[in-house]
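Hi everyone, thanks for coming.

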Amino acid sequence: MRSLLTCALILAAYCAAVSSGLVPASDGITIWQSNTVKAERFLFHNASESRILVVGSSLANNIRAEWIGPDVTNLAMSGGSSQTGLLIALRASTRPETVLVEVNETLARSTDEDLVRALFGGWGTLRRRVPALREEYNPVSVLVSLVKHRIRREQPPSPSERDVALISPVRRTVIQQVLKQQALGLSEADRKSILSGAKRLRAEIATFQSRGVRVVLFDIPGERSVRESLRQRQIAALLKDAFPASEYSWLPEPPERNWVTSDGGHLVRPDALAFGHYLRQQIHSAFESAGR
Amino acid sequence: MRTAFGRSALLLSACLPECVRSLFRCASTEKIGKVPQRSSLTNPRWLVRMTLAKSHTPAAMLFTTPVFAVFFLIVFCLYYLPMMRRWQVGLLVAASFFFYAWNAPWLLLLLICSIAINSATSYVVARCSARARPVWAALGVIANIGILCLFKYGALLTGLAVKMATAGHSPEEGLVSLLLNLPLPIGISFYTFEGVSLLVDVLRHRSSDEPGAARRVEYVNESFAQHALNTSLFVAFFPHLVAGPILKARQFYPQIAPKRFRDIPWEFVFRTLVTGFFLKMVVADNLKDYTYYIAYPYYEGFGTVTCLVLLFGYSIQIFADFAGYSLIAIGLAAALGYTLPPNFNFPYISRSLSEFWRRWHISLSTWLRDYLYIPLGGNRLGKRRTYLNLMIVMGLGGLWHGAAWSYAVWGLYHGAGLALERLLGLAGSSSQDNRPSGSGLLNLIRDLARALVVFTFVTFGWLLFKLPEFGQAMDYLATMAHNWRVAPSINQVVPVVLFSLPVVVYHALHFPLWRPDEAAQISRGRRLAFDGAVGIMLAMIVLNSGTSKAFIYFQF
C-alpha cells in the first residue's frame, strides 16, 4: 500500500512539474526516441497548424523545419522512410496544404509499425492527455539532455564545417567504399524491395491526394560521384518509372553545385542548410504561382 | 561480417551523428526470409525460412507485452474459480501450450515430443526392476540430449564437418542444408535440462518404503495419465518455460496440488513483479539502445572510456534482463501458487568466482553441479582432476548457452578462473557468502577490491556473449587499448551510467558490510525505505520504460 502511495505521489508531482513548465522537454537521446518525440509533437501540438509537411529518411531529417520556413513540420524518420511519416500523418487525419515526400532507395525500408502502434494505441491516447508520459518528458532523457546542453551547446552551421569535411581522410575513404558498392549495380532483391516500397507509397499518396492535399516528390542531392554511379542511376530510373512526372509532381532538380556529404548520402550541415533554403524558395514560388 | 559497407561504417562511427549511423544500421540488417511459394515446399529450407521470418518476433509471448497481461489475467481468473479447482493443472498445461505456440505453433510439436519422452521414460524408471532402471534412464537422457544436440548443435557440427570435407563450400539443398539451417526452438535448453533432471531424480530416488516392498517414487503418480499431466506442467509451466529458472523434479512435483486464492502471498508477488519489470523494462530495455554499439564496426570509433562504460553497461544489462525475467517468472508462479527457486542472489557483489557462480543463474549452476560436476567426481579425486572437472563443466556450460565456439571459450575462461582461484586458495565457501571477511576498514576495502576484480573478470567475459565472433571480441579489446586518446562520448556514457545506477545500488545494499545477525534485523526505517523504493520503481516503469525487446536469454 505504501509503495502504491509513493508511486502515486511521484507521478502526481512529476505531472505537476511538467504541466507547470518546470521540466524542460528533451529532443530524445536515441534514434527511436527522437523519432517518437518528433511524431508526438506533430500529433499533439502542430498537426493542425502545419501547412507543409516533409516526410523522408535520415537524409531529409538533416534539414531543419525552420530552415524551410514557418508552418513546416519535418516528419522525416532516422533509420526509416517516407512511408512511416506519411502513415502517421494519414492516421492523424491531417490536411496540410503540401506534403514533400523524399523519394529514393530508402523506400525499400518497411514502415515502422512499432512506432505507429505506440502512437495510436491506448498508451498513445493516454500520452495525448497526460504530457508527463510523453517521450519528450522521459526523466532520464530530460536529465541527459540537460547534461549535454551544459557541456556542449549546439552551434549554428558554419561554412568551415564544409572545409573540415572536405579534407577529412575518413570521409574520403568512406566515399570510396560506397562508390565500390555502388559500381556493382542494383541487385534483383533490392529492386524488388524498392518497387514494393514504391507501391505502398503510391497508395498513401493517393489517399492524401483524394483529401485535396498537394503532394510533391523530391530527392536529397548528394555527392556527384555517388549520384553518377551505376546503382544510383539505376535507382533514379526505376523511381522515375514508378513515379512518372506525368502523374506526380516532382520538385525541380536543385541548382548544380558541389554538394558535400559526410558519407556519400547525408549532407553536411552547411549544405543541408543550403538545401533547406532551396526548398524554401521552391515552396515560396509555388505558392506565388498558385496566386497566394 | 566484414563487408565493404561495414568497413565504411566503422570509419564513420567515430565522427558521424546518430542519424547517420542509423542509415548504416538499417543497411546492414540482415533480411528476413519469406513464407515459401508452393513450389518451394519441396525444399526443406522453407521450414527454416519460416522460422527466420518468425524470429523477427520471438516465439512465445513476452512478459512485458499487453497481450501477455490479458492472457495472464484470463488464466488467473479461470484458475481460481472454485469449479475449476479439479482442473487447475489441466488449465495451466493448456495455457502453457497456448503461450508457447503463440508465434510459432509448429514448435509446440517438439515440446510435446519432449514431454512424451520424459513422461514415459520416468514412469518406466519409477516402476521397472533395479537392473533395467539405469538402462531406461540412460535411454531417456540420450533422447533428451539428442534432441538438444540436433536442434542446437546440429548446425555447428555439420558446419564443421562440411568445412573439413568440402573446404567450406556448403550445399544449398538437401539434408546438409537443412541441418545447417535448423531453427533453434525457444527454451529448448531449459526444458531439455528439466527432462534430464526428472529422469535422474527418479533414478536416484531412495524409497522410504519397507525393504522388499515395491519401489515407490512419491512424485511419479500411479496413473500414467496423471503423471503425464504433471510432467507436462513441470516442463511447460509458462512462467519458467522459455528461460527458466530450471526446475528440479523433486522440488516441483510435490507442489502440484489444488491452489486457493486466499493463499496467494500478495506482498511477495507485488514486490517481485515490480522489481522484475523494473529491471527488464527500465534498466535492460533502455541500456540495450546503447550497448547496441558493441557491434562491429560501430565501436571502433569510440574511445577507451566509452568502450569500457559500454561493456560494463552490457554487464548490467544482461543481469537486469535475465534477473528481471526470473523475478517476473517467480512472481507469476507465486500468484498461481507455485514456488520457483531463486535464480540470482546479487551476483555482482561476489568476492570470488566460486561465489559468483553460487549467485548467478543459480538454477543452472546447481544443475551443472548436481548432474555433471558431482557425477564426474567433483573435488573428490584430487586437485588435478578437480581442475579438469571444472574446465569440462564450465566448457559444456558455456556451450549450453549457444552453438558457437565463443560460448565454449567463455565457459573455459570461467573454468580457468575457477581453477586458478582454487589453486591460489581464494575460493571461499558458501557459508562465507553473506558475511564480511573480517571487521575493520582494511577488510572492507579488501572485500570491495575483490568484488571489483570479480565483476571486471565477469564483465570482460560477457564480451564473448555480445560479440560471438571471436575476432570481433578481440578487436573490441584492441580498440579499447588503442583509442585512449579519443574523448568519451557523452551520448553513450551519461545514459549508460544513469541506467546502470539502480543495479549498482541494488547490489551495494546487499554488500556484506555488517554482521549477519544485524543484517537479519529489519528495522522499521529500512522497511519504509524498501516500500519507497518499490514505489519509485513502479513510477519509473510508467515514466521511463524502454522499447520492448525479447529477453536476451530467450536465445539460449
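**Helices and strands in chain A**

Let's start with two helices of chain A, α2(A) and α6(A), which are oblique to each other. Keep in mind as we go that this is a predicted model. Why do we call them oblique? Their axes cross at roughly 40°, and angles under 35 degrees would count as roughly parallel while 65 to 115 would be roughly perpendicular, so this pair falls into the oblique class. For orientation, α2(A) covers residues 31–46 and α6(A) covers residues 113–120, and the two axes come within 11 Å. The crossing of α2(A) past α6(A) is right-handed.

Which residues make that contact? From α2(A) we have A:Asn35, A:Thr36, A:Ala39, A:Glu40 and A:Leu43, and from α6(A) there are A:Leu115, A:Ala118 and A:Leu119. By type, five of the contact residues are nonpolar, two are polar and one is charged.

Now please look at helix α5(A), residues 82–91. Is α5(A) largely enclosed or open? Eight of its ten residues are buried, so the rest of the structure largely encloses this helix. The buried ones are A:Ser82, A:Gln83, A:Thr84, A:Gly85, A:Leu86, A:Leu87, A:Ile88 and A:Ala89. And what covers them? After α5(A) comes A:Ser93, which has a positive phi, near 55°.

That brings us to one of those covering elements, strand β3(A). Five of its five residues are buried. A:Thr98, A:Leu100 and A:Glu102 point one way, A:Val99 and A:Val101 point the other way, and all of them are buried. So who are the partners of β3(A)? β1(A) pairs with β3(A) in the parallel sense over four bridges, with A:Val55 bridging to A:Val101. Strand β4(A), residues 214–218, also runs parallel to β3(A), joined by five bridges. There, A:Thr98 stands opposite A:Arg214.

Finally, a quick word on chain B. Chain B has 22 helices and zero strands. Of its 556 residues, 44% count as buried. Among its contacts with a separation of 6 or more, 74% are between residues 24 or more positions apart.

That's my tour, and I'm happy to take questions!

Notes:
Residues numbered from 1 in each chain as written. Chains lettered and ligands numbered in written order. Predicted model: local features only at pLDDT ≥ 70, side-chain atom pairs only at ≥ 80, totals over all residues. Axes fitted to C-alpha atoms, helices over the stretch in contact; angles between N-to-C directions. Parallel < 35°, antiparallel > 145°, perpendicular 65-115°, else oblique. Left-handed = near helix turned anticlockwise from the far one by under 90°. Contact = placed C-beta atoms within 7 Å. Nonpolar A, V, L, I, M, F, W, Y, C, P; charged D, E, K, R; others polar. Buried ≥ 20, exposed ≤ 12 C-beta atoms within 10 Å, placed from the backbone. Pairing = 2+ DSSP bridges.
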